[in-house]
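The exercises below ask you to read a structure step by step. Try each task before you turn to its solution.

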Amino acid sequence: MLALSIRQPYAELILRGIKTIEFRSRATKIIGQRFHIYAAKAKTRLPAWSDDVQVGIPPPWMIELARQVKLIPPDADLATGVIVGTAVIERISQTHDGLWQWHLADVRRAKTLRKPRKQAQPVWFRPF
């Protein structure tokens, strides 16, 4: 089974069912197949928000809402460098500006966190 690298806090938002679409610059052929969600070691560097909507970056309300209702624990509490769950890409679609939306379904949190035996890659990799 392949693994997909996703930075925190987005991996946690996916596991909680808040983030149901993963934006990527490329399409994928891994549709309908279960894959591991790997919480990357590097956390997301949130940009300085402006009036312009930045493509591929979650809107500020998503992060703010998650913090206000305490859906995202403090950064120190988010697991990184481990497999945190699994999901299935139900379908993909393309936005008007060329990004791909990977629509996620059947997301499951891992019962135990496992560190991959193989080197993680920026997108797809074989963890074991």
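A salt bridge is a side-chain nitrogen of Lys or Arg within 4 Å of a carboxyl oxygen of Asp or Glu. This is a predicted model, in which local features need pLDDT of at least 70 and side-chain atom pairs count only at pLDDT 80 or more, while totals for chains, interfaces and linings use all residues. Residues are numbered from 1 along each chain as its sequence is written, and side-chain values use heavy atoms, with hydrogens and water left out.

**Exercise 1. Find the salt bridge partner of arginine 24, and state whether the two residues are buried or exposed.**

Step 1: Arginine 24 is joined by a salt bridge to glutamate 22, with 3.0 Å between the closest N and O atoms.
Step 2: Arginine 24 and glutamate 22 are both buried, where buried means under 20% relative accessible area, exposed over 50%, and partly exposed in between (1.4 Å probe, protein chains only).

**Exercise 2. Describe the network of salt bridges that links Glu12, Arg16 and Arg109.**

Step 1: A search of the whole structure gives six salt bridges, and one of them joins arginine 16 to glutamate 12, whose closest N and O atoms are 2.5 Å apart.
Step 2: Arginine 109 also forms a salt bridge with glutamate 12, here with the closest N and O atoms 2.9 Å apart.
Step 3: This second pair links distant parts of the chain, since arginine 109 belongs to strand 5 (residues 100–114) and glutamate 12 to helix 1 (residues 10–15), 97 residues apart; helices (H or I, at least four residues) and strands (E, at least two) are DSSP runs, numbered from the N terminus.
Step 4: Glutamate 12 is buried, with a relative accessible area of 7%, whereas arginine 16 is partly exposed at 39% and arginine 109 is partly exposed at 47%.

**Exercise 3. Work out the order of the strands in the sheet, and explain why strand 2 and strand 6 stand at the edges.**

Step 1: Six strands form an open sheet of mixed pairing, in the order 2-5-4-3-1-6, where two strands pair if DSSP finds at least two bridges between them.
Step 2: Strand 2 (21–24) and strand 6 (124–125) each have a single partner strand, so one side of each is left without a neighbour in the sheet.
Step 3: Within the sheet, strand 1 and strand 3 run parallel and are joined by four bridges, and serine 5 stands opposite tyrosine 38 in strand 3.

**Exercise 4. Classify the ring pairs in the aromatic cluster of Phe35, Trp102 and Trp124.**

Step 1: Rings of Phe, Tyr and Trp (its six-membered ring) pair if their centres lie within 6.5 Å, and planes under 30 degrees apart count as stacked, over 60 as edge-to-face and the rest as tilted; by this rule there are three aromatic pairs.
Step 2: The rings of phenylalanine 35 and tryptophan 124 have centres 5.2 Å apart and planes at 90 degrees, so this pair is edge-to-face.
Step 3: Because phenylalanine 35 lies in strand 3 and tryptophan 124 in strand 6, the pair ties together parts that are 89 residues apart in sequence.
Step 4: Tryptophan 102 and tryptophan 124 are stacked, at 5.7 Å centre to centre with 10 degrees between the planes.
Step 5: Phenylalanine 35 is buried at 1% relative accessibility, and tryptophan 102 is buried with a relative accessible area of 1%.
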